[in-house]
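Let's take a walk through this structure together, one part at a time.

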Amino acid sequence: MKNQKSKIKNQNHIPKFKKVFKFFNFSLSFWILIFGLWIFNSSGCAQRDDALAKKTITVWHWMTDRESAFQELAKRYEDETGIRINFELYAPSDVYSQKVRAAAQGRTLPDIYGLLGEKRDFAAFIKSGQVADLSEAMNEENGLWKECFFSKALEVVEFKENNTYAILPGIYGAPIDIMNIQMLYNKKLFKKARLDPERPPSNWEEFIDDIQKLKKVGVPGLVSGWGEIWMIDCFASNYAFNIMGEDKVIATLKGDLPYTDPEWIKVFSLFKELVDKDALASGIVIMKNKVAEQTFANERAAFAFNGSWCVNVYDGMNPRLEYAAFLPPKVNGKNPMYIWGGGSSFSFLVNDRSSKKLETIKFLKWLTDKDQQVYLSSETKNLPSNKFALAKIPKILAQFADDMDSTTNPGIWPVTESPAVIEALGKGIQSILIKEKTPESLAQELQAIKEKESQESF
Amino acid sequence: MILFKNIYDWYRALKGFRKGLATSIIVILSVSLAELIYQKSHNLRFISPIIILLVVSALIGLITKIILVRQFRSFLFIVPALAIFSIFYIYPFIKVLQLGHYNWDGILPTMKFVGLYNFIEVMKDKVWWQSMFNAGYITFIALTFQNALALILALACDRQMKAGNFYRIIFFIPPVLSAVVVGLVWQWLYDGDYGLLNHWLYAIGFPNLARSWLSDPKTALTCVAIVHSWKGFGWGFVILLAGLQTIPHEFYEAARVEGANSWQVFKGITVPLMIPVFVLVAILTVLGSMQSFVLILTMTDGGPVFHTVVPVTRILNSMIGSSRFGYACSQSIIFGAILLAISFIQKRVSQNMRQA
């Protein structure tokens, strides 16, 4: 009886199972069909889409302020050549940076892309075979393309013979615009403090004196995005070059000169002096540069330490702002004041794996040509990378451009500092600003980290 | 041997073992195929995870159908789900475990095996432990201040009060708001020069208390923890209110008849019956607070110096800022292990409390 029941039960189950099994077979076949279609599509049989793809160049970037100008240039290029340029914006910059890295890992980078990071990141992208060497194209027609760029801009994307990154010598990108970071002062607030609005401070002592006078009329002194350690690093680097000279700074990076050297302590002491003399805007130690820009644009600080991109930013925030740029005031009159960031703020790289490499290079040549550079510069108020496009830039941008010869960039130094030391330097200076560390203790800490990093690299 | 009293028990055990073995084979096959296709796909430009999934599902389905169809019919039906789980959960987990033992910049195809070096470095990293302390402090404030506020408001709304639904909506607004917006608004409130908080302090005659709240190392972490609690109390409020409404009113009425006052009712009825809800809220608060970072990124970015840094911002910094993917993975593994340990402890405590 029991056996009979179970037999009936099993018989009832068989048709149900068959139905489900059929459904499974159907779904499996469906997925296989999809897979087959994909293979068919990617093998080049779908010629219509392929033809369209061949005429489209994809570009990734992160700059919201340049997006509309890029779209306009893309339209113009399509009208001229029939090739569609698909500019894809991914912002903010940290999100963009993650996207590019993920795409590099998956080998899905577009035809053209911008790269955010240090020279070692750039070298890693080249080593992974995802950046094309543009030297040949640059040197065609007696170097016509190469000659149109500012030499400082090209140096940033260039790897020379025997570089420390073991990269084959060559030019691996096309600069789109350039920048440098300088001091700015508010002319209106200068007048309020009875200072000459046409005469910014020429040395460190004058700078501190001017701030004291500004404070007396209730105007805070210097504002900058020192919550972001690269801005602090930049300010400290400028004064390291000025106080100790280029050779000693490079010697420190190489490990030949310790951070405990008295001249490095003098560099760190400048930050202590700024705190002791109450020369900084409130909250500067956690301030992002965007907030610092708002503070200066709203006339809540007399001085700002900012890059040439600020011209566009301030124009958007306060078009009536009266300000001018000047080189950071020197501490040591004997050495020049090198300013950080003298190179391309933004370069486009060509994906070496792109099937449209030649078309891509042609487009980059067109984009960096004088007419397009004049348009980009006038629309975005950035310094053009093409030196022949400088004629039509605003006066304030011209001030930044005038000091291009005084610029330097970690990208062109023979060695770069390790991320651990860079972080310790930036955070250490923040510690001085909140009076947790002294210049001497920071110097010792930095040297200890530097020695540890050197040992580990061996 | 006591477990297996007769041959039928042995048969069941063997059947269970076979099923487990089949499941493991499917998982291993899925993960291996995903890795194989990922490695090979470097030359295929448009390969995507979805395509990998389809290929793996189809192949495994086909293999299972051909070879194992007679013995493991039922497994055919779990193959797609198992493949998805394996590729999107197990595979990344194994990959993180693997990367934690390598020195890798996240771009180059070559990685250097460093064994446990990354883990030892994390253990020795003072900033990492400071970030753990900061996360612990924020969690402590959230567990006490945030949940106490949530409970008080839930108790208030549980009574028959006027415009109760209005208050419920109001209290639930902070969690719905974007953390970035909340961070920026509070950043302005805390501003040293133009902030509302300092403005009030001046107005009520305490100018000496005014400061730049977020850039002062003495106050920065507490200020961030307060904002985190303000933003998060709405979740606790909703869960606690739901819990309070499940307590039968007859209990309260009986207690009143017996002459119990409000405190006695709360201590004798509400608290014991709400223990499972308290435990749930506590677990959610701990996990949420330990992993909070958007508010911190917006308000202080971990500063001044490292005074508001938390583990997630450190991991992000190692991965993006310093290009140390292997180190970031080892930080993630250690942080995951700590969270797992906390969850187990809380579960254990809740079990003991329930038994008590």
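Helices here are DSSP runs of H or I with at least four residues, numbered from the N terminus. This is a predicted model, in which local features need pLDDT of at least 70, side-chain atom pairs count only at pLDDT 80 or more, and totals for chains, interfaces and linings use all residues. Residues are numbered from 1 along each chain as its sequence is written, while chains are lettered from A and ligands numbered from 1 in the order in which they are written.

At this crossing, A:Phe268, A:Phe271, A:Lys272 and A:Val275 of α12(A) meet A:Ile429, A:Ile432 and A:Leu433 of α18(A); a contact requires C-beta atoms, placed from the backbone, within 7 Å.

The largest nonpolar core has 154 residues, and A:Leu134, A:Leu184, A:Leu222 and B:Val224 have the most contacts inside it. Such a core is a set of buried Ala, Val, Leu, Ile, Met, Phe, Trp, Tyr and Cys residues joined through C-beta atoms within 7 Å, where buried means that 20 or more other C-beta atoms lie within 10 Å of a residue's own. Helix α10 of chain A (residues 229–244) gives the most to this core, with 11 residues. A second, separate core of 12 residues includes B:Phe171 and B:Val277.

Finally, a word on confidence: the model scores ipTM 0.74 and pTM 0.77. Chain B averages a pLDDT (the predictor's confidence in each residue, from 0 to 100) of 83.

How values were computed: Contact = placed C-beta atoms within 7 Å. Helix = DSSP H or I, 4+ residues; strand = E, 2+ residues; numbered from the N terminus.
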